[in-house]
Structure formats: structure tokens, C-alpha cells
Protein chains: 2
Amino acid sequence: MNIAIMGYGVVGSGVAEVLKKNNASITKRSMQDEMKVTRILDLRDFPGDENEALFTKDFKDILNDESIGIVVETMGGVNPAYDFVLDCLKAGKSVVTSNKELVAAKGYELLKVAEEKNVNFLFEASVGGGIPIIRPISQCLAANEIDEIAGILNGTTNFILTKMINDGMSFEDALKIAQELGYAERDPSADVEGKDACRKICILASLCFGNHVYPDEVYTEGITKIALADVEYAKAWGGVIKLIGRATRYGDGKISAMVSPAFIQSHSQLAGVDDVFNAILVRGDAIGDVVFYGRGAGKLPTASAVVADVIDCAKHTERRKFFGWENSIADYVVSYRDIKHPFFVRASYADEAAAKQSIADLFGEVEYLTYEGAAANELGFITAAITQREFDEKIAKADVQVGSVIRVTDY
Amino acid sequence: MNIAIMGYGVVGSGVAEVLKKNNASITKRSMQDEMKVTRILDLRDFPGDENEALFTKDFKDILNDESIGIVVETMGGVNPAYDFVLDCLKAGKSVVTSNKELVAAKGYELLKVAEEKNVNFLFEASVGGGIPIIRPISQCLAANEIDEIAGILNGTTNFILTKMINDGMSFEDALKIAQELGYAERDPSADVEGKDACRKICILASLCFGNHVYPDEVYTEGITKIALADVEYAKAWGGVIKLIGRATRYGDGKISAMVSPAFIQSHSQLAGVDDVFNAILVRGDAIGDVVFYGRGAGKLPTASAVVADVIDCAKHTERRKFFGWENSIADYVVSYRDIKHPFFVRASYADEAAAKQSIADLFGEVEYLTYEGAAANELGFITAAITQREFDEKIAKADVQVGSVIRVTDY
């Protein structure tokens, strides 16, 4: 089986490396005589690279090469990846991608074309890097109705939060270290503003609940506003702050989907997920909670997930895997304003008694949190579970100056 | 597709329940017109059961019924399950089992027959209950050479250890509670002596490393000798005691496999796995460490894993899944005496100075542990990594009376 790679960056070169390093066992598991990369598309030059002879700058060299049965797309971004992947599928080639932006934006369309052409379009590496999650959801948990999925889906923000939680470092300092270590881009906005996690929860929600969910349907909030005081209040509550992407099935055929910082209880399996690690919790009606943990990014972990998909394509050349979801539908994703959670609020006040009286009048009984070293004239409390709409109305009337609002989970 | 269930106990009745409850989505995912239980084999009577019309006491009613394509074996034990499963496979029926004893004892033989007959023999539920593990290892991690696998594989012992660790309860009291809650059998030996975990690590080692590993090749030690003092020393060290089944690939084509209590560091993903939950850590050369966490037993979790396999059988009626391992080979599993770890030792002494001098002379530098409330004339220490053989020789010469010996892990 001949394989092409489009995009020779970190993941693409890792795919070539894993295919070479573990070639004997990969070929055997693929039930092929040979598993071989014969073409690599990249606009850059890689002089002296061991795969130098395979490079091309012309996509047609892959598209028109009938010997190539599987194309790996590790370019990233929607364009031109979408056009290239579409053309490959239409030409009867199976495609494996690690590109979450592409799958979140165009997953339904590409799955449909793959189905029509009886080829595979697989994307295990697009969520959770090397962690097996797409296939376990679609196969192992197939006997379940999945009720909820929630995860730490972005390693960069989790690294920053871990530094804030364990070392008391400020967001800005932690971000600088993440950039120095190569975990964060020079422009870190896709990570720290939650966009990357948003794409991943779109893919997971589409897979778990059956209809495509697009990024612009998902309320997304990053970690740029998290202060060390919030981290301390979370500790006082008995937990930690994590950036969580989550999606929930509602009774009436609707779902919710959201990315935001959240309070997580210390004893949760998600609480101990530190540094650049990712973890994904799936709640099924028969199985209860299962959690998948591992490296959510990085060259070889992500490449190993891509290559596992390549092996699966090679094993399913005659009959494609049944796999995918339906088109998006209107009013499928409920507004975040209608989702109920408890809310954590950090706020300052001019008059403590007046502030607490107004909070009691508006929210009823709340849980006050305190920690040693808290700022003067500041309070932290957790409300009962109410909708965002109700919360926003009430907090606007409270006799306080709001510093932070963070949602509280039950896992 | 017609389905038969052999053994209507906790898991078997759960399979019937899940197939009924989620029938519409299961049928769709199976790409069948119908997924229906048409026969149930059990020697007991179930008067008034909703499936009463389906019961038979005669295995031939299943074997000779050509309309039955998939047989679920949830009887447990090797006999007569082995004969029944073998006959079903030979008759061209796919078999799904949750029976770890059967797979650990006869997995290779049954996989071989399934291959010859081009049918499926699947057993996701035999390890980790509802946790997806067999399929992720064989598919998602297929691009990796797996170097090590380690897990909390038995919920009963993990429940007992959790009570000892969190509540300071003695082993005997914790066992009694486990029995009252139905987590432990009246004869708890298969659990507390590690036999159940041993069967599971045999299955995982066979799958990860390629040759069948039998229970009698695996050094197995249970938790009956763990004292509360050991739990306290583990805390002083910065960790917890868990019953761990683990298997490691050696450089020279050999492996190790063992079940024993072990010290686990607090920050490990395995340390926070409490009560009846299970977790399995897989260490691959490309992916690093991944951990799978969830309910390792229970009616619906285990049934959901069985039904996922049933769906997979229904989807692969024409072509079986490539899946399995080779026959056992001689001298494949190295003796536990040749495996290196650090060892924790709890011991009493007559003369402290003499005891410590003898330990220094024999083991070189060791790490002494202390905790408030330790017994008089008792010490706890951790050695460097040495083989069991070396350890046994040395400890026999030390000027102490040994109370406990527990292995120390690096995860």
C-alpha cells in the first residue's frame, strides 16, 4: 500500500518516522505486503532530509498517482486542506487527518463524500493527540447512549493552569514559560482563548450525539481572565480550575456544547491531569463514567494516532468503516444562556453587609469561600445551579463589583 | 441478526437488558435490520422473567439453530464454557465472552479456531469490565510497540485498599464491608489472592506482546498480608498501595508478568483510582503513557462492553476482524526472581544500630521512612532497584524480623 503525506511539519514528519521505525509490525497489522510512503507534499524545501526524494510541491502528483491508496493530511487549517482532501476522497483514496480545524468545519461534508465513494475518512488524531478517543466512542461505547462528554482538550492551557495552581505563577508568566518550551505559539490566542478546545468539542459532540456541531454554535471562553485569586478560591472549595470543553444531551433531542474554565472537584479523574496532558470523560447510560488520559499533542503521540488510522484504512480497503454523523440541524445546540450550573463569583464590595444582603436577596443561600491572603473588600461565593440568563440578571443587580465568574461542574 | 446468550447471571441478564433498552441505536450501528436475543441457555429457572419464553437448558438448541449468528458466553469458568464456545465457533457462529478465566486459559486455541472458521471471537469485557481496553490496544495503539502495561484490574481489592488508605480500616473489616455490599464473594480468594487480576494481565500481556501467557507463568501475590502500617509507610513515602497487574517487554524477546501489591506515587494517574474503579496504563514507544479509567465490573458496564463486541460481530459477518496472538513459547516469561525493582521493607529489630548497620552493609544506601504512631522497634525502608533473587539473599542476612515486602513502581 502506497501512502502520501500532505504537510511535512511536526506531525507529518512524525508519521513518516513512525511508519519507518515500526514498519514490520505496522505492515503485518495492516495485512499488506508493504506499507510505504511514496510522496510528500510540502511547499518548503527540506534539503538533506532522509525523505528528500519523495517531495513534491504539486498536489496533482499525489492526486493522479493511482498507486497511492491512502493520503495523510497534516497541513492544518481549512484551506487548501479542504480542497485537497475532497479531491483525494473523490478520486477514491482514503484520507487520514490530524486537522481538527478541518474536521470541525467540514467533517460532515467530507464524511458524506467518503461514504459515497466507499473510502475511509478517519481523524483519531484530531482530538486528544495520541489518546484513543474517536474509535472507542464509535466502537467500544456503541452499546451506550452517551449522555455527556467533557474534557481537558488543550495541552497549552492546561500547562499554564498547572503552573498557576501548583507554583502560584501568574497567567502572563506561565504563558511566557509555555512559549519558551514550545508549548504555546507566539500568537497564543487559538489556545488561550479556547478556540482549539472548541474545535475538539465540536468533533466529539458531533460523534457522540449524531449531528454536526459547528464552532460558531459553541459558547467559548478562554483562560486569559483567570486570576491567581480564582485559583485560591478553587482550592478553598476543594478543587482546581481547568479549561473544560463539554457537551451534554438534553431530553428533547437538543444538546449543549461549551468551552470555559470550570471548577473541578479534587477527587475527579480530571483534576489530577497536569501539564500538557489531556483527558476526556465520557458518561454513558450503561457504562457510567470512563476517562481516557494521555498526551494530547506532540510529534510521536499524534503521529501514532494518525498511523493507527492508516493501518485501519489499509485493513478496510474493500469495505469502508461505518462511521460518522448527520448534517447539522437548526436549534440543535441550546443557547449557553439556558444551561444551568452553579456559578463561582469573585467580587469586591464597598460595604460588606450590604453586599451580602443583596447576594442573599438575589441568590438565596450561597456557599462563601475564603482563603488566607485574600484581597481586602473581596468575597468569593458559589450559587445554586441556575441558568446563565438568570445568573446574569441577578448578578447585575448585586451590590458588588464582579471580578470573575467561573462555572462549577459535578465531575 | 439472531443472538443467543449462554449464562443468565449478572452480566448475561445485563446484556439482554442493554440490547433491549438501546435496541434502535444498536441495530443501526450494527447495520442490521434487527438485533434480537432469540435463545438463552441457563440450567436455572427464571419464572416470570420477561425473557422466559427464550430459555433452554439444552446447549444443542443454540448450536443447531442456524438462525443464530452470534453467541454471548457469560457463564464464567473454563468448563463447560470452553466446550460450548469451541462448538459454536466450529459451527461458524461468532462468539463474544466476558469470561476472563476462559480467555486466559484457552484464548489462543479459541482465536485459532475462529480464524480457521472466519468468524469473530471477541472479549472486550473480559478485562476492565466496561472500560474500552482490548480494542484500543489492538487498533488505536497499533502504530506503537508497547513496552509496558500496568493496571488496577480488580475492583474488589481496590475497594478494600481504598478503605484501608482513606479510612484506616483493617483488611478484615474492609473485606467484611465489601462482602456486605456485594463487591466480594463469600469465598473472596480469587479476588484477594490476586487470581482474578492474574487472568486479566495474562490477556493483556498476550495481546500486547504477541504470545499467549498462561496464569501459571505469572507470579501472583494478593493483598491479604497488607497491614495498616504498610499503608502509613506508603503515605510517608508520598504514595499509596495498589494491587497492580503488570507486564513488561524485555529487549531480548522475553517479557515479565506479575501481580502484586505495589507502592504507587501520589501524582500517578493510577493513585487516584478509588473504590471499585479500575484503570489501565499502557506505555507505547510513540505515544508515551495513556490511561483508561472506568468501572471494572458491574452489570451494565460489563454488559455494555459485551454488546459493543456483539455490534462489531454483526458488522463483520463477512470478514472477521484481524485480531489475536500466537501460541505460547518456552522461556518467554522471565522468572519474577530476575525482575528488578526497588523494594519497600517493614521490619522489626532487637537492636536498632545493629539492624541499620546490617542493612547498610547489605543494601548500601536505602531510604528510611517514618510516620507518627509507628510501632516501637520497627523500621521501614526502600532499597535501590535490585532483582528479587538478590533481594531475597540479602534480606535473609539482615539483622531484622521482616514484616512486609512490597514492590515499588515508577508510575
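Modeller: Two strands pair if DSSP finds at least two bridges between them. Helices (H or I, at least four residues) and strands (E, at least two) are DSSP runs, numbered from the N terminus. This is a predicted model, in which local features need pLDDT of at least 70 and side-chain atom pairs count only at pLDDT 80 or more, while totals for chains, interfaces and linings use all residues. Residues are numbered from 1 along each chain as its sequence is written, and chains are lettered from A and ligands numbered from 1 in the order in which they are written.

Colleague: In which sense do β12(A) and β12 of chain B pair?

Modeller: They pair in the antiparallel sense, over three bridges. Within β12(B), Y293(B) is the bridge partner of V291(A).

Colleague: How many residues does each chain give to the contact?

Modeller: Two residues are in contact if their C-beta atoms, placed from the backbone, lie within 7 Å. Chain A gives 43 residues and chain B gives 42. On the side of chain A that touches chain B, the elements with two or more residues are α2 (23–30), α6 (134–140), β12 (288–295) and α12 (299–315). The largest share of that side, 10 residues, comes from α12(A).

Colleague: Which domains does chain A have?

Modeller: Domain bounds come from an automatic or database domain assignment. For chain A it gives domain 1 (2–130 + 300–315), domain 2 (134–296) and domain 3 (338–408). The C-alpha centres of domain 2 and domain 3 of chain A lie 24 Å apart.

Colleague: Which element gives the largest share of the side of domain 2 of chain A that touches domain 3 of chain A?

Modeller: In chain A, 16 residues of domain 2 are in contact with 14 residues of domain 3. The largest share of the domain 2 side, seven residues, comes from α11(A).
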